[in-house]
Amino acid sequence: MKELDRQIYRFDNFLLDPVNRQLRREDKPIPLAAKAFDLLQTLVESNGRLIGKDELFSSVWQDQIVEESNLTVHISQIRKALGDSRKDPLYIVTVPGYGYRFNGEVSTLDDQFVVETETLSRITIEKEIIEPEVHEISASTALGFLSGPAQRNVTASKPRLTSLHKLGAVATLGTLFIFGGIFWFTSSMQGNVAGKSDVAADDETQIRRLTSKGTVNHGAISPDGKFFAYSLRERGAYMSSLWYGQVSGNGDIQLLPAADLSYNPRSFSSDGSFLYYTVSEPRDFDNGTLFKMPVLGGVPPQKLLSDISVYAVISPDEKQAAFIRGDRDNKSSALVIANLDGSGEREITVRRADQSFLAFSLSWSIDGAKVSFGAKTGEDTGHEIFTTNVADGSVKQITDLEWITISRIEWLRDGSSLLLSARDKNSFAANQIWKVDHESGKAKKITRDLQHYASTLSLSADSNAILTIQATRESNVWIAPAEDISSARQLTFGSSGNEGWYGIDWTPDGKIIYTARTDQSLTLWAVDADGTNAKQLTPAGFLDEKPSVTADGKYIVFQSNRSGSTQVWRMNANGDELRQLTFEGQNSFPHSTPDSISIVYTRTADNANSAWLVSIDGGESIRLSDAECYNARVSPDGNSIACGHRSEGKTKLAIIPITGGEPLIRFDVPPTYNFYGSIRWLPDGRSIAYRDWANGIWTQSLDGGDPKRIEGLPSEKLYHFGWSPNGRQFAFVRGSELRDAVIISNLR
């Protein structure tokens, strides 16, 4: 962070106060994240000088190696705060390929005119479905403990490690012990301040950022609230590392180096000296191994349980673990409890597929007598909170609020209430923190913003501090000649910052249909290929996603929750005459056949996905195959569909006849595949494309061979994409995503 400057800067009607870290406009505070503030201060102090990207990274992220997307996201936040338009910037001018320049006329004044106020940036995150893949994991997985000096930075690039890497030497015990001795929780909580939330349920509730690395996945807070552990996704790869830090700042220590594995810190021991964590192959959520590690070294990590969900939770007495185990054959899942020595495994309660558990939501009550969980209540309904009695397996439903999803649950110390990360039925794709009374089921929002809190919810022993992961994202639609993708130009500059994140498609006359966030809603828009004539097609109030235009250009089909569950809808190309086409189950990812007569879509029922066909006018639907098939896409000749499929315990790309039946071909996919709304046929019908979870887009030829990456695309994570009907243009959604640990305190 930059050193404090006693100067206060004025430009137009803005005041920038480095001492109190505030941006104000006409005496009103403007929310700005910590790094965005540092970046704006650097630009303002430059006196109009053009500053290169390397210099900005050196100034704002002094001891860190971060992705260039971090800079892009924070520049965007500054522009929104200042009211800049990217087409007509007032203050921040971009010089392509080099850096940025501040364009305002700056003067200085004494610091007595500014009153300290804390603020909180508003952020959201991508919604992605989980596509679990089954692998075996060795008992010796993930024991590469501190094989070198304690690390404080994310390494720019690392060699790929096998999942059977050996236990490394404990080379820095002394350093770790010293760090452990000097870690103290400071009441000032300065560091990377996100500040006091102006949207929290209580004015005293505070949210403060703990990391600024941008790729934090999961975390846990120590019982005394002074330390935290977190996993970090490494740049440009599906690798992760495990870290340990102090809530008051002053540097983090790497506990486990980066490997081709997923680390998931679950909780600390009651005295804070040990960390429980799970390890699995990337994206293999059902086959993890539970370990116990001393946070200050001394002995190697201890393996406890194998072949369990990575979301296992430890009982308060640290003698048992609870986790969910699925049974595909019987279309059910069970809440299982086992002793940490591997003995005494037993099923507490079993639920059928249409009432399935949310495996990541488990939480023990403080007395260890109950386990809470989120679960579906039926095929077409939302999720609710339940508790089960560990002794007899009896289940009690706590809420009746039809949550869209419940990601995490934690019990407060007095046992009267539960905290949860969840999304209610009226929300856009962003989880909020809630407090739910255990007896009445009454829910109260702790946060009330557009930020997303999902992958972590960890409480200190006194319930006064919550560790969670906050995420920010930005996306826009880009367009390029199909033969020269490297010359892509940005097409949308919407104020929501989330254009195209949930789907795009082309019309026959060359327009692009795309999704955009409107407050708490997702809406569909149309824009010309030159970026002009943007028009909103569907009203706010619903989640309208995954648009697909019929080949004759008459209709747009899409998935929407406007009837209370996710169904396939149709409307005219101008947005008129909305009509629901499906009614049973959960139905998504529609795609029109080339003759514009039928729609292929994915139905989710009994915890399984299958491809179905329905007329463009609605009516009875037909299942196309008994085999699993999801995110189905129809070939240009209308004879086949490409879809995600499981075979021999692995996810593959399958080709199935449009007339139904078993897959004709199954292709292996790379570990970082991502089928979520991304399967597309190339215009010639001889190859299929899908995106990568880390970066870029893969193509698979029907003639076989290994998948290949599309050349010319930016080396970053991309989202939806598609070719124009004539195959001459290529549109794609380019975005960035930042995830960091924050602490929420002073709950009421």
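Strand E24 (residues 383-389) and strand E25 pair in the antiparallel sense over three bridges; two strands count as paired if DSSP finds at least two bridges between them. Thr387 stands opposite Lys396 in E25. This is a predicted model, where local features need pLDDT of at least 70, side-chain atom pairs count only at pLDDT 80 or more, and totals for chains, interfaces and linings use all residues. Residues are numbered from 1 along each chain as its sequence is written, and side-chain values use heavy atoms, leaving out hydrogens and water.

**The sheet**

- E24 and E25 belong to an open sheet of four strands in the order E22-E23-E24-E25, with antiparallel pairing.
- Strand E22 (357-364) and strand E25 (395-397) are the edge strands, each pairing on one side only.
- Neighbouring strands of this sheet are turned by 25° against each other on average, direction ignored.
- Helices (H or I, at least four residues) and strands (E, at least two) are DSSP runs, numbered from the N terminus.

**The helix pair**

- Helix H1 (residues 34-44) packs with helix H2 (residues 53-60) at an angle of about 125°, their axes lying 10 Å apart. Axes are lines fitted to C-alpha atoms, for helices over the stretch in contact, and angles run from 0 to 180 degrees between N-to-C directions.
- In H1, Lys35, Asp38, Leu39, Thr42 and Leu43 meet Leu56, Ser59 and Val60 of H2, with contact meaning heavy atoms within 4.5 Å.
- The residues of this H1 contact with H2 divide into four nonpolar, two polar and two charged. Ala, Val, Leu, Ile, Met, Phe, Trp, Tyr, Cys and Pro count as nonpolar, Asp, Glu, Lys and Arg as charged, and the others, Gly among them, as polar.
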